[in-house]
Amino acid sequence: MERDYPLEKVRNFGIIAHIDAGKTTVSERILFYTGVSHKIGEVHEGAAVMDWMEQEQERGITITSAATTCFWTPTYDKGDVTRKHRFNIIDTPGHVDFTVEVERSLKVLDGGVVVFDGVAGVEPQSETVWRQADKYKVPRMCFINKLDRTGASFERSFKSILDRLTKKAVRFQIPMGEEDQHVGVVDLLKMKAYYFEGEMGSVVREDEIPEQYREDAELFHNELVEAIVEHDEQAMNDFLEGKEISVETLKTLTRKAVLASELVPVFTGTALKNKGVQLLLDAVVDYLPSPTDVPAIPGVNPKTGAEEDRHASDTEPFAALAFKLAVDPFVGQLTFFRVYSGTLEAGSYVYNPRTGNKERIGRILRMHANDREDVKKVFAGEIAAAVGLKDVRTGDTLCDENHEVLLEGIEFPKPVVDLKIEPKTKADQEKMGLALSRLAQEDPTFKVSTDQETLETIISGMGELHLDIIVDRMKREFKVEANVGKPQVAYRETITMPSESEVKYIKQTGGRGQYGHVKIRMKPMVRLTEEQIADLPKTVKRYEGFEFVNAIKGGVIPQEYIPACEKGFKESLEKGVVAGFPMADISVELYDGSYHDVDSSEIAFKIAASQAFQEAAQRAKPVLLEPVMKVEVVTPDKFMGDVTGNLSSKRGQVEGTEDRGMSKAVRASVPLSEMFGYMTQLRSMTEGRASFTMEFSHYAPVPNNIAEEVVSKRK
């Protein structure tokens, strides 16, 4: 079976945005114009194709990213078969509780279309997603949506992109009219006006630019050409000499600059009113990368540790990254994967370097939102889903057994909210265990643990909404009824100064005894000055990780006992010394000790190490840490004082305010423990007219009076 599409005609891209910027509506329009869906489902009517989970339709938000395949021929090449392109679109959620979905989607995309609300412009989560895209070096373009809304302003939104995201953004279009006067767009490259007519705006009409927009268009056209030719010496000279540069040349140069992330084209329109989407798709073809334009993906040979790259080519050994697991009600467990090199046939085997096991690929599916098509073979650069893989996690590499490679995985943030959960009946007990492990497999930011003292099950996630939806899915998909406690903050502990300790663990019981002797030095991984310690909550931003340094010389502790010592330290990390919360950001150096020929054992050294850790931690001025959230509240002007006062009363630090259309946006850092139930308070304070978003920022030490409260509750 041959590839049905040349690789350079494939575009893997995602639609990324802040919640409520109209991202799913844009995706729905794309499916309509590319002929995948014949009627348009609206998010606000709960009928969107991409959002197929019940919870998504009820809440009007996207939770899981759906990968969809469709085809597009640029608007003015409609009859030309050679211009048809295959799009693999990944719709990502905008809600920050599902940041993992965005993170893993960006990892496997080649390009991104970032959608903004024409009224709000850049919002806090747009910034988060933008930073994530920077991290993975994803070339992207912008679409300022919702220009039909009251209060919409293309220029204000464009300025917010320049101010808050990137100076490399350039207008490729300007709107003709805004709010209810919005009739179409001006293409600044071709210098033509475009109107969207006929059923659902599916007829694109090109015309001359109306007189009232001509002056602006000329001005911005020159700005645009100047920004494009900057990236090419020859074109720059031609431009300075006043020569005319063809549209084709400008497009070629733009493509080069976008691929190098040197230029971010900005387009505009309104997806809901069907204006501008087709030209956005043309731009995806023109400017976003195909798999052949993307640098080879780096990997490591798990056996030799040598670096190996994989290029987008069907002839190279097979390598793919599993970026998402989902349970499909009809076919069972689906593993979404992106093929970086080689090809894969249904019925063949793949090797997973993490587990060291081979697994058989039963069926390969190409997804069209919630419909699916069986395919016999997938090629380099494609995105597909496999059925029947048993032991694969998000971020695993799947490769050819004879050419092992470990691709760079995906890093996931640690959960910040805990919730106690118990099954209602005995019958629910077993089902709950199964449901939670299935959900934890799907979502790496969702963790399940057991409280060692009370034996209660605790689930942890990125926020209240995140856990809310997990519990909801347990009920619906797995039919498990459960009682849920109040959300709790996931506190941590750390130390603020270096310390040392020495423990000899000696136990004589008739016959063979136990002997383990260790000396350790402990220090914080983040070094603090005296002034910083005095001013703690405002300074340190990073609390994660544990470092073990083996400094044993001359075999004073035999090599075989070192892993046992490390295990002892790691187990002690789980149970802090202030209030029993997990500890973080600690470096432990094992530098001396002794052993006994007969009585020493792994268990003795593990116990000695564990006791030494506890002692050293108690001497190292331990402190309690709490998650601090980045909060943004958008409120009508008249409630501004109430909102800022209320945030300050929650130990919040207001970091700035700005105008957002007719409203004010307040940015602040607030401890998570103060933010539970904030929505209700905010509504009553502002007659229901304000809204807020929050996301995890960093861990910071808890003030003494509050730490005492937390400790006494814990005991």
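Phe158 is buried, with a relative accessible area of 4%, where buried means under 20% relative accessible area, exposed over 50% and partly exposed in between, for a 1.4 Å probe and protein chains only. Phe154 is buried as well, at a relative accessible area of 1%, and both residues lie in helix 5 (residues 154-164), four residues apart, about one turn of the helix. Helices here are DSSP runs of H or I with at least four residues, and strands are runs of E with at least two, numbered from the N terminus. The model is a predicted one, in which local features need pLDDT of at least 70 and side-chain atom pairs count only at pLDDT 80 or more, while totals for chains, interfaces and linings use all residues. Residues are numbered from 1 along each chain as its sequence is written, and side-chain values use heavy atoms, with hydrogens and water left out.

A search of the whole structure finds 13 aromatic pairs. Among them, the rings of Phe154 and Phe158 have their centres 6.1 Å apart and their planes at 10°, so this pair is stacked. Rings of Phe, Tyr and Trp (its six-membered ring) pair if their centres lie within 6.5 Å, and planes under 30 degrees apart count as stacked, over 60 as edge-to-face and the rest as tilted. Tyr561 and Phe605 form another stacked aromatic pair, at 4.9 Å centre to centre and with 15° between the planes. This pair links distant parts of the chain, 44 residues apart, since Tyr561 is in the loop between strand 33 (546-550) and helix 14 (562-573) and Phe605 is in helix 15 (residues 602-619). Tyr561 counts as buried at 11% relative accessibility, and Phe605 is buried with a relative accessible area of 0%. Ring pairs also link Phe172, Phe267 and Tyr287 into a cluster.

Rings take part in another arrangement, with a charge over the face. Lys84 lies over the face of Phe71, at 5.1 Å from the ring centre, and Arg140 lies over the face of Trp130, at 4.5 Å from the ring centre. The criterion is that NZ of Lys or CZ of Arg is within 6 Å of the ring centre and within 35 degrees of the ring normal.

Next come the nonpolar cores. Of the 73 residues in the largest nonpolar core, Phe87, Val113 and Phe172 touch the most other members, and helix 6 (residues 211-229) gives the most to this core, with eight residues. Apart from this core lies another, of 47 residues, among them Ala435, Ala490, Leu625 and Val643. A nonpolar core is a set of buried Ala, Val, Leu, Ile, Met, Phe, Trp, Tyr and Cys residues joined through side-chain atoms within 4.5 Å. Leaving aside neighbours within four places in sequence, Phe87 is in contact (heavy atoms within 4.5 Å) with residues including Arg11, Phe13, Trp72 and Leu281.

Gln173, placed in strand 7 (residues 173-176), counts as buried at 1% relative accessibility. Its side chain reaches the backbone nitrogen of Thr268 at 2.9 Å. Beyond its neighbours within four places in sequence, Gln173 has contacts that include Phe154, Val186, Phe267 and Thr268.

Strands of a sheet pair through backbone hydrogen bonds, either parallel or antiparallel. Strand 8 (residues 184-187) and strand 9 (residues 192-197) pair in the antiparallel sense over four bridges, where two strands pair if DSSP finds at least two bridges between them. Val186 has Ala193 of strand 9 as its bridge partner, and in the hairpin of these strands, which has four residues between them, Met191 takes a positive phi near 55°. Strand 9 is in turn joined to strand 10 (residues 203-207) by five bridges, the two running antiparallel; the bridge partner of Phe196 in strand 10 is Val204. In the hairpin of strand 9 and strand 10, with five residues between the strands, Gly198 takes a positive phi near 75°.

Elsewhere, three strands form an open sheet in the order 13-12-24, with antiparallel pairing. Strand 13 (307-310) and strand 24 (406-407) stand at the edges, each with a single partner strand, so one side of each is left without a neighbour in the sheet.

Notes. A polar contact is a pair of N or O atoms within 3.5 Å; within protein, one must be able to donate a hydrogen and the other to accept it, and residues adjacent in sequence count only if both atoms are side-chain atoms.
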